[in-house]
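Please open the model in your viewer and keep the selection tool at hand. The stops below are meant to be taken in order.

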Protein chains: 2
Amino acid sequence: MRKLDIPAIQHIATGAALMGAGGGGNPFIGKLMAISAVRQFGPVTLLDPSEVPDDAVVSSPSGIGAPAVTLEKFPNGSEFKLAMKKLEDLLGKPITAVFPIEAGGINSMMPLVVGAQMHLPVVDADGMGRAFPELQMSTLVLAGHKICPIVMADEKGNSVIINTDDPHDAEKFARAITVQMGATAQSASDTTTGKALREDGVTGIMTLCEKIGTLLSAVSQYPTVADALQDLLQVTHGYHMMTAKITDIRHVTKGGFNFGTVIFNGLDEDQGHTGQLEFQNENIVFKREDTVLATAPDIIALVDTETLMPVTNEMLHYGKRVFVLGIPCNPKWRTPAGIKSVGPRYFKYDLDYEPVEDRVKAFRSQTVEAVK
Amino acid sequence: MRKLDIPAIQHIATGAALMGAGGGGNPFIGKLMAISAVRQFGPVTLLDPSEVPDDAVVSSPSGIGAPAVTLEKFPNGSEFKLAMKKLEDLLGKPITAVFPIEAGGINSMMPLVVGAQMHLPVVDADGMGRAFPELQMSTLVLAGHKICPIVMADEKGNSVIINTDDPHDAEKFARAITVQMGATAQSASDTTTGKALREDGVTGIMTLCEKIGTLLSAVSQYPTVADALQDLLQVTHGYHMMTAKITDIRHVTKGGFNFGTVIFNGLDEDQGHTGQLEFQNENIVFKREDTVLATAPDIIALVDTETLMPVTNEMLHYGKRVFVLGIPCNPKWRTPAGIKSVGPRYFKYDLDYEPVEDRVKAFRSQTVEAVK
């Protein structure tokens, strides 16, 4: 158990923007909301999952919708209070702690906002170990836990309660309401027990994000950016897949999602090569020429070549220079059910999932062969 | 207070199909459901509005969605039990009576289904005195009563609860969920008091529908169909606007609504004339050549030229011979707020509302002029 101060929140937001795989929303907005809540209501307690009683009632407050829209439609803070209150009424008992459903720029911060506002501790565990675009894409759902009841709320004081045992129906209903609420909405969902979250969530994610954020805040103190990148890869167990400049972006917002393709031209040691990234809120597939180097559920993250700061998808622009990183996902996702739920075929790519470490190693050994 | 037997239910369904202004869904389906419920659970009590205690808790069970789809996706009966149970849980008290939100083929029958299933009386009042396509289009909403909470349920046991003070938001949210539930869903909503329903609803609508249905069941006993039509016009205070054959129908289902245009060629005394009807679930505008003869909120109804049976919009087909009738709406709709809510401009027609009786009289006097 420890108190999160404002620098810790800043670091968590930065780290979550990286682990968010390009999605999860703008890290600055989430961070500003969390910092403002902590300034107003006092610091938030982070609980190690081992400290949460087995029978604790834990729920996840989160934003739903197209992250690009959150830039223009900022939650006013009352949405979560309404959603949490309605959820407690439904449960007939108080919620004892909150947790982030995903590690992403916005949703890693929402439990901190609610934790500060409602004086509830936040558990150091999430339901993805990264960000994903749909509600049913969580290790909690994978383990058989329910998303519902979901309480959704908007800035006008409207609320909608969704009850279904089918996680895909839950996602469909929530998405339809999100669109009607103006493309973003706030929610409280995924109520479970302390024991279930500890066993079926991704534990330690907030601490990992904080560690990443702390490292990235100190990049300028490294002798070279390459040294800092090495440390980042070590902390995340990640791979550097390409150094590149963005040369094209196709991007649409459709049905509450951001869809897009990013085209890269290689720089430095990757000069003369091209890369392509497909995203659906989050980054899903990255390839160099025709070789796929990483797919969901592994994490494809872009970072700035000078600062190593994560580049989320609403920050993409022509000419941006990035390192493209591949980070292994939590092993809970690497089961047949996990791959079915969030692997490339779910996102309509005709590709089998292979772990990013295998893909990158195979690519590197081929490249060495070719050079010989 | 009286018991409704199966013939009474059949007559109400027929009358409601006429008052439903082309919309409100297929009368046979609603009738079959109500009759089957009464056979299984016993007859339903119809309460005169004066018999309902002032503080009675009254709610309306109704179907939402594109009526055309109900033909293929028949409610299984469990949806209303779920919706009513959830609504009672939310209210924290039992519902003491139900009422139809609209007079239409399906929604005039749903309270009878629920009344039989749950042994609740049905109040002889609705919220429209006809059918309309959107939830906020009720004289109850016009008088300031709330639609929410709305509990929606589908055949899979899914439920969604909508809470908003904005009737247009309620409609938007319910429509979005209806689409996700497969284009039709069942709901319980518009909870109010006995006093409010008596004062702000359209009272006597079930009895009027029954009277119309009884008359239409006896058409073959009249010397001529014209005699029966005269009686029908008298009972409904309606006007015969055209005798015609359907020569074209354009029809789409979009976002949970049926939209369409029907083209008529005149028959008999209207030979040589053309007519055009625009509908959005319900009939909204009818004109002969370029002269508008009726618009919402007045009721435009088609009836078969041989049987006088109402022809609802999913029963339209090329070659069908009909009388086009115009029936004055309940006076509650004829206020500036009522016209704004359900007049032709709301449905995007560049027309001012004028009472059907004024339009028809003006047209007839012009025609007489022209003949002179």
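Predicted model: local features only at pLDDT ≥ 70, side-chain atom pairs only at ≥ 80, totals over all residues.

Stop 1: Colour chain A and chain B separately. A rotation of 180 degrees, with 0.0 Å of shift along its axis, places chain A on chain B with an RMSD of 0.0 Å. The two copies are therefore related as by a two-fold rotation axis. To find that axis from chain A, select A:Ile161: its C-alpha is the nearest one of the chain, 2.4 Å away.

**Stop 2: the interface.** Select the residues of each chain that touch the other. Which surface does each copy use? The copies meet through the same surface, because 100% of the interface residues of chain A are also interface residues in chain B. The area buried between the two chains is about 1,600 Å², and carbon and sulfur atoms give 52% of it.

Stop 3: Across the interface of chain A and chain B, 11 residue pairs are in polar contact, with both residues at pLDDT 80 or more. Two salt bridges are counted between the chains. For one of the contacts of this kind, select A:Lys156 and B:Asp169, whose side chains form a salt bridge at 2.6 Å, N to O.

**Stop 4: the paired strands.** Select residues 159–163 in both chains. Here β8(A) and strand β8 of chain B run antiparallel and are joined by five bridges. To follow one of the pairings, pick A:Ser159; its bridge partner in β8(B) is B:Asn163.

**Stop 5: backbone details.** Most residues other than glycine have a negative phi, and most peptide bonds are trans. Select A:Cys148 and A:Pro149: the peptide bond between them is cis, with omega near 0 degrees. A:Pro149 sits in the loop between α6 (139–142) and β7 (150–153) of chain A. In chain B, a cis peptide bond joins B:Cys148 and B:Pro149. Finally, go to A:His119, in the loop between α5 (110–118) and β5 (122–123) of chain A. A:His119 is not a glycine, yet has a positive phi of about 55 degrees.

Notes: Residues numbered from 1 in each chain as written. Chains lettered and ligands numbered in written order. Heavy atoms only, no water. Buried area = accessible area lost by both parts, 1.4 Å probe. Salt bridge = Lys/Arg side-chain N within 4 Å of Asp/Glu carboxyl O. Polar contact = N/O pair within 3.5 Å; in protein donor to acceptor, adjacent residues only side chain to side chain. Pairing = 2+ DSSP bridges. Helix = DSSP H or I, 4+ residues; strand = E, 2+ residues; numbered from the N terminus. Least-squares fit on C-alpha atoms with pLDDT ≥ 70 in both. Contact = heavy atoms within 4.5 Å.
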